[in-house]
Each structure stands twice: as C-alpha cells, then as structure tokens.
Amino acid sequence: MREKGENHMRFDNILLIAALQIAVFLFGYAFGRRVGKKEGIAEGMSLLPLEWRKKLNETGICPMCGLQLNQSRNCDNIHSRD
Amino acid sequence: MWFETSEFNYLLTKVFSIFLMGIVIKIMDDYMDQDIDAIENQPNIYTALEQGGLPYALLLFSLACIFDHITAVSLFLSSFAVGMVGNLTAKMPSGLYGYQESMVIVLLGLVIFKIEMLSSLLIMAAIQLWDDLMDYESDKIRKNNLAFLLGKVECLLLAIIFFLLTAYFDYTKAIGSIITMHLILYIIKILLDNQYKITT
C-alpha cells in the first residue's frame, strides 16, 4: 500500500465530507419527494369531486360519462314539488 | 524522467487494465441484452462479433490480468455482482437466486481483495446508475432501470456519492473508469455505425 502525503489526506477528507453532504441531501430529497407525492395524491383526490361538480354546473355535461343533461325540461321535478 | 518512475508505471498498467476490463464488461453486458437490443434495433457488440464474442472477451480479460490482475478480477467480480442484482428473484443456472449469487461474489471479493473490491463495487454501481440515467428515455421496455425505480435525481446523486467514495479509496480507478467508459462507448459506437453502413 502506498503512503499518502498530507495534501493527499486533506483531499481525501474533502471527498469524504462532500460524499456525506450529498448523502444527507439525498436522504432529505428522497424522503420529501415520497411524502409530497402521497400528500399530493390525497389532496388531488379530495379536490376532484368538487372540480367535477364545477364542470358539470358550468357546461351541463357529465365529466365522467360525457352525457349532456336535458336542460329544456325539468326531468326530476325537484323544483316543482308543490 | 517522470514516465520512468514506478508511480507512472503503476498508473499506466492500472489504466490499461481498466480499459481492457471495460471492453470485457461491455461485451458481457451486450450478451445479456442482445434480445432487447434486437427488439429496439440498437447496436450490439456481441452480435456484431458473431461467434467471436466469448474468445475475444476471454483474451481481453487475460490481457487485463497481465497488466494488473487485482484490478481486473475485482472489476469483473463487481460487474458480475452488480449485474446480478438486477435479477433479484430470477433463479440462476447455479441454483441460487440473483441476489444470493451477488452476495456470495461480493463476500468472496471482499475477503480476497478487501479495499480494492470495495472501490470496484462502488465504481461499478456508479457506472450502472449513470448508465440507467442516460437510458431513461430510451429504456421503455426494461422496467428494472434504476432511474425508474429510484427517480432521476436520486439516481444521479447516488452515482455522484459512489463516484466520490471510489475516488476516496482509489482515485486512479475512479477517474480511469469514467474516462474509459465514455471512450469505449464512443469507440464501439463508431465501429458499429461503420459496420451498419457497410452492411446496408
């Protein structure tokens, strides 16, 4: 095994510290990304029904099946019970 | 003169050994991927060599061992171990699973070569990660691409960490491996492109 000089040892230490710093950053990044992904999916799922309802009210077309609501007559008679 | 020193000879033999082992590992990798390369119409050195792939690989491996046998064998064992990790649940001809073969090879290498094996393992892992990152767009068929499994940034950062750790243990191997990897890919691309032009 070759003997290492003082400069060489210092360079080795810099390499090791850099690797450690990147490893800490990687841990934080990977953890944050995975947690963020799960949170994003949960948030998206909770917002989706509201978004669909908004689209339905605006266009009168069901966003799931594409069926256009009959706007000319009141089918379910919900507004004329009396 | 500086080129007559033992240090220079040590570097030169090591770099030659790494270069030759790079070609051997590339041939082995192309042998494993020849079916997928045929589907994707990618150039493949093993199929280009036809019947000569195995003899050439063994010849180059022997030459690499003449230059620096510790580097050559440790790099080969590492590439074998890293390659087998990709087939974790597949049963190998030896009767062991992929990860079991990898573990046996790594343990054997660490017992025999110690730090040299560790640095070889780290640089092979770095190259594998880098290669997967580069193939991210084109690797739609292979789902065991590490950039798919880990994420692109994670893949890049892990490759950098492994490279730095290899440089910590053996900077000649770290720098030599990265340079020879790109050199070999470039040479093979030129050769295969020329061959493709001649045949068509």
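This is a predicted model: local features need pLDDT of at least 70, side-chain atom pairs count only at pLDDT 80 or more; totals for chains, interfaces and linings use all residues.
Local features are kept at pLDDT of at least 70 and side-chain atom pairs at pLDDT 80 or more, while totals for chains, interfaces and linings use all residues. Residues are numbered from 1 along each chain as its sequence is written, chains are lettered from A in the order written, and side-chain values use heavy atoms, without hydrogens and water.

**View 1. The length of helix 5 of chain B, residues 98-113.** Helices here are DSSP runs (H or I, at least four residues), numbered from the N terminus. The 16 residues should span 22 Å, and the end C-alpha atoms are 22 Å apart, which agrees; the expected span is 1.5 Å times one less than the number of residues. After the helix comes Lys114(B), with a positive phi near 55°.

View 2. Buried residues (under 20% relative accessible area, 1.4 Å probe, protein chains only) include Gly98(B), Ile105(B) and Phe113(B). Helix 4 (53-85) and helix 6 (115-134) are among what covers the buried residues.

**View 3. Lys173(B) in helix 9 (residues 171-199) of chain B.** Lys173(B) is buried, with a relative accessible area of 0%. The side chains of Lys173(B) and Ser119(B) are joined by a polar contact of 3.1 Å (N or O atoms within 3.5 Å, one able to donate a hydrogen and the other to accept it; residues adjacent in sequence count only if both atoms are side-chain atoms). Beyond four places in sequence, Lys173(B) touches residues including Lys14(B), Thr71(B) and Glu116(B), where contact means heavy atoms within 4.5 Å.

Note on methods. Helices (H or I, at least four residues) and strands (E, at least two) are DSSP runs, numbered from the N terminus. Buried means under 20% relative accessible area, exposed over 50%, partly exposed in between (1.4 Å probe, protein chains only).
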